[in-house]
Amino acid sequence: MKIGVFICHCGENISSTVDCPRVADVCRTYTGVEYSVDYKYMCSDPGQNLIKDAIHKYNLDAIVVGSCSPHMHERTFRNAAVSAGINPFMVEIANLREHCSWVHDNIEAATRKAIELMRMAIEKVKRDKPLTKIKVPITKRVLVIGGGIAGIQAALDTANAGYEVVLVEKEPSIGGHMSQLSETFPTLDCSQCILTPRMVEVHQHPKIKLMTYSEVERVEGFIGNFKVTIKKKARHINEDKCSGCGMCITKCPIKKKAYNSFEEDLAFRPAVYVPFPQAIPNIPVIDETVCTYYKTGKCGMCVKVCDREAIDFGQKDTIHVADVGAIIVATGFKLYNIDKKSADSKYKGYGEYGYGKYRDVIDGLQFERIASASGPTSGEIKRPSDGRVPKKIAFIQCVGSRDDSKGISYCSKICCMYTAKQAMLYRHKVHDGEAYIFYMDIRAGGKMYEEFVRRAIEEDKVKYIRGRVSRIYEEDGKYIVKGEDTLAGMPVEIDADMVVLATAMIPQDGAESLARTIGIPYDKYGFFNEAHPKLRPVESTTAGVFLAGACQSPKDIPESVSMASAAASKAIILFANDTLEREPVVAKVNEDICAGCFYCMKVCPFGAVEVKDVKDINGIVYKEVAYINQGVCQGCGTCTATCLSKSIELAGFNNEEIFAEIAAL
Amino acid sequence: MKELIKHARELLENGEVAAVIGYRQVSAKRTKPVIITDPEETSALVFNEYCLNNLAVYLTKARIKLLCKKNDKVLKLAITAKPCDVHSIVALIQENQIDRDTIHIISFNCHGVAKDFGFDFNGDNLASKCITCETHKPLYYDALFGEVKETPQASDTALARIKEIESMPHNERFEFFKSEFDKCIKCYACRAVCPLCYCQRCITDKTIPCWIETSSHQRGNFAWNVIRAFHLSGRCTGCGECDRACPADIPLSLINRKMSMEAKNLFSFVSGRSLETPTLVGSYNEKDNNELFM
Amino acid sequence: MDKQNWEPKIAAFVCNWCTYTGADLAGTSRLKYPANCKIIRVMCSGSIDPVFILKAFERGADGVLVSGCHPNDCHYNAGNFHARRRWDFFHELLDFIGIEKGRLQFSWISASEGKKFADVITKVTEDIKAMGPFTAYKKMNSEFTIDFPEEPSELPEPEFQENSDKETE
């Protein structure tokens with residue numbers, strides 16, 4: 001084998017502490033090194049030409065470049081090698097800049113280390129094997145998980161690009177939290193009015209297959225080739241027959257046994273229900289847990305009134321399998337439950353605010369329902385306890401958020417804005433009402449956001465008090481909010497009729513288990529992790545899985561929508577090609593010696609290991625061995641270290657190569 | 001004993017099993033493993049305090065295939081196993097080497113075995129593993145024989161030895177093990193006798209690249225013994241057969257015992273005790289000890 | 001070799017995504033640390049085999065560092081969790097047979113912890129220096145002499161070559 005060695009000065013970045021000509025001279029003496037040279041800027045065009053010319057002139061089989069980090073210019077040098085006819089994986093980089101010249105002062109020590117680093121790379125390259133990129137086909141269909149505004153946007157964008165979409169929503173209707181909101185900041189336009197047309201569009205789009213009241217059970221496969229198992233929960237209503245007339249709902253005798261979760265438990269719903277009147281699809285669900293039929297076998301009122309015979313008490317959950325090429329996760333958020341928490345919860349709760357104890361201490365979403373024209377009070381601001389119009393409301397921001405002692409350090413981002421909006425709405429509806437807002441800081445970054453908050457203060461006379469609330473207690477039908485005005489430097493007490501807590505946004509229930517099902521990482525709060533916080537914000541680290549909306553971190557509507565469009569375009573970019581090229585750094589099993597213990601299967605984070613039958617000449621299975629699906633394998637190599645008989649090798653980092661590096665230490 | 005013979009005979013005669021792996025007496029204080037396929041020969045089967053071998057070592061995929069395939073029909077394989085040998089069988093099932101459905105486990109109420117052939121069975125000559133044994137009744141079995149008897153009392157000398165080694169400074173410990181490992185002649189009897197060393201090609205036989213230097217010089221011996229112990233960490237069920245097999249008397253099971261203690265200490269795991277618990281290697285807990293890491 | 005001028009040889013096995021990038025950041029931030037440690041890059045801390053450590057000792061390393069992504073940060077989700085179990089065992093095993101725990105050290109260093117990388121390397125180097133050369137391992141005889149890689153004449157011969165075959169009893 002003929003090896004070429006190229007030492008880069010990187011201007012003076014390397015050569016100021018590493019004697020580059022000496023490194024090149026020493027390398028020239030190593031067995032196998034045919035050509036060794038140092039140059040001012042290897043990554044420049046002349047530098048690359050130097051490499052290409054040397055490859056041609058000396059007939060080199062492999063090259064080692066001593067330069068900056070491989071994360072920087074590995075691709076550059078590999079491309080140079082390819083254009084000169086060398087396999088890109090016959091290129092090794094010794095990191096002489098970040099790991100040597102920049103971190104050491106002593107020229108002798110740094111030069112010696114540089115020589116040793118080069119020696120290791122030379123020994124490795126001697127054992128490198130040419131590798132070719134893996135090509136995998138792509139199924140051009142997207143799975144969108146979550147039917148909130150982010151999921152809706154992602155589904156519509158992808159479908160409008162001409163690709164099929166499977167939209168899975170766990171609730172009976174799409175719409176998500178946005179459908180619960182009264183008005184939206186900073187324009188104060190009605191949430192339902194802008195959302196409902198989108199929901200209808202999803203429902204009618206020929207490319208979108210809508211699966212509501214369904215959950216993703218299992219995800220197998222890999223980018224371009226996912227196989228998704230979806231459980232469609234039994235509605236007990238035949239969807240093909242139901243016309244959505246709502247007779248069953250009106251006639252259902254169970255009126256007050258279940259809270260309406262869409263109304264944030266401020267109202268009841270019958271045993272057969274649609275979450276809200278504009279639900280998509282407009283098909284009711286029978287709640288088995290409260291329905292009399294499931295308890296006693298009697299009633300059947302809904303069956304009697306349904307002229308389409310759509311009620312089907314015997315309906316069972318069904319399992320559906322979809323082949324998709326990309327997954328967009330848009331599972332959204334829920335609100336921090338501010339009630340007292342059990343000891344094992346990672347959150348502490350706010351027992352001191354009396355949430356759950358006082359009926360007029362409510363959270364932000366409950367206020368949204370009270371303020372909503374379609375809500376339980378038809379938009380009139382009334383107290384849940386006695387229906388009186390509150391004359392004084394205390395809003396408290398940062399309940400849960402930015403509070404390490406309660407378990408959450410992050411800012412929930414939207415609360416400053418929606419609290420201002422809610423105080424504004426209250427002042428618009430109750431002209432003699434007083435609105436107080438306890439805040440830590442006002443974070444109103446965004447187009448027209450700061451102006452909006454100023455409007456609340458200046459035009460709507462909302463009173464902002466900078467400080468925290470220590471306690472809330474009831475006295476003579478009022479809620480005494482004890483806090484501190486840190487700007488005035490004195491304690492304050494507000495005798496409010498109602499208290500609204502802007503509680504933190506936390507990930508949806510089951511976000512962590514969904515993450516494990518799909519195989520994507522999440523942070524300590526349960527928000528899904530993006531591949532890179534700045535440069536790859538909508539991709540997860542698992543190829544082919546994209547993130548949209550508040551499942552990644554707290555977000556407002558415009559951010560969620562733009563992230564959803566970004567995720568959709570990522571999927572569309574993926575679908576622009578018919579096959580996908582992958583790096584060939586994957587594990588491979590030596591079937592002759594595999595003993596079939598399948599420890600590799602247990603440790604593989606991606607489920608890439610399958611059971612393969614090895615057959616003899618007569619077609620009779622004589623042993624089972626592990627087989628690694630090259631499309632699924634991400635090349636971590638955990639299986640190679642776990643394999644006791646060393647029957648698995650990771651291409652590009654095989655044991656021979658690593659041993660050579662160790663030997664050259 | 002009669003029940004055992006009767007049971008084995010019935011199994012073979014009824015065509016339920018293809019063979020019975022068991023023990024036969026060769027002299028007063030010595031038994032040998034035997035694989036019986038003929039019902040007439042079952043009379044040779046015994047079970048007593050000299051049934052030392054861990055017969056699970058015979059449960060290799062290849063052997064099962066060879067023995068159990070009778071005229072296009074796959075029969076079960078019966079094995080007589082002490083409760084501790086059942087641990088090995090459990091570990092083998094968990095590592096996909098055998099299928100629980102294909103194995104008929106004939107086990108016994110056990111009150112310990114002698115430390116080697118030829119010794120009287122009493123507290124002084126009790127096998128090391130029996131001193132701390134907690135499973136006198138097997139955890140998994142298809143047939144159970146033998147009467148319940150008291151295990152002779154004995155002091156746990158192996159544990160004392162471990163404590164003694166642990167009290168030595170590192171350089172002495174290193175010298176101690178170096179001299180112990182130096183005795184190794186690389187006969188690989190420890191590997192041959194271990195039921196969990198079922199690999200088709202051992203890591204030490206892998207030559208490109210060479211993982212463990214195969215010559216029996218100090219360095220090669222050291223690497224082999226460390227890696228052997230490591231490969232059994234969290235897997236070894238403590239049958240102690242390696243100790244009995246080693247012609248150089250290297251205290252192999254001492255290291256295995258120490259690693260089993262660590263498995264219990266660090267991960268509350270004992271190998272081969274439950275088919276439901278995931279294996280230690282191949283699983284993880286996010287709350288595993290993190291002290292090691294800066 | 002002169003004990004005064006002895007410099008330890010340290011191998012660091014690090015994962016490509018966190019620690020290697022963290023080391024890059026240490027470089028970009030121009031943090032200084034001793035030049036004794038050489039990095040061997042692997043894809044994931046889960047792919048580092050204990051035999052690598054023994055090989056490094058056999059090849060004359062005085063200490064070894066293994067480093068990967070923090071728990072829950074693994075690029076491959078779970079590789080470091082499997083690694084953590086493996087190292088807990090191996091560390092105890094080495095300790096039991098007489099290799100001091102400081103010879104083999106572990107850390108989690110994320111891509112943003114350039115400072116931590118520099119600190120860890122400094123600490124490991126100082127620890128190994130305090131322990132002195134790992135002569136116990138190097139003294140173990142083997143009939144092999146290490147014939148590669150070729151050392152240029154101006155570099156001192158590695159210590160493990162001097163000891164070969166001298167200790168045969």
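In this predicted model, the contact between chain C and chain A takes 40 residues from chain C and 47 residues from chain A. A second contact joins two parts of one chain, with 16 residues coming from domain 1 of chain B and 14 residues from domain 2 of chain B.

**Where chain C touches chain A**

- On the side of chain C that touches chain A, at least two residues each are supplied by α1 (19–28), β2 (37–42), α2 (50–58) and α3 (79–96) of chain C.
- The largest share of this side of chain C comes from α1(C), which provides six residues.
- Sorted by class, the side of chain C that touches chain A is made up of 20 nonpolar, eleven polar and nine charged residues.

**The two domains of chain B**

- The domain assignment of chain B divides it into domain 1, covering residues 2–145, and domain 2, covering residues 157–267.
- Between the C-alpha centres of domain 1 of chain B and domain 2 of chain B there is a distance of 26 Å.

**Where the domains of chain B meet**

- To the contact between the two domains, domain 1 of chain B gives 16 residues, while domain 2 of chain B gives 14 residues.
- Within the side of domain 1 of chain B that touches domain 2 of chain B, the elements giving two or more residues are α3 (83–94) and α4 (128–131) of chain B.
- It is α3(B) that gives the most to this side of domain 1 of chain B, with six residues.
- By class, the side of domain 1 of chain B that touches domain 2 of chain B holds seven nonpolar, six polar and three charged residues.

Conventions
Residues numbered from 1 in each chain as written. Chains lettered and ligands numbered in written order. Predicted model: local features only at pLDDT ≥ 70, side-chain atom pairs only at ≥ 80, totals over all residues. Contact = placed C-beta atoms within 7 Å. Helix = DSSP H or I, 4+ residues; strand = E, 2+ residues; numbered from the N terminus. Nonpolar A, V, L, I, M, F, W, Y, C, P; charged D, E, K, R; others polar. Domains from an automatic or database assignment.
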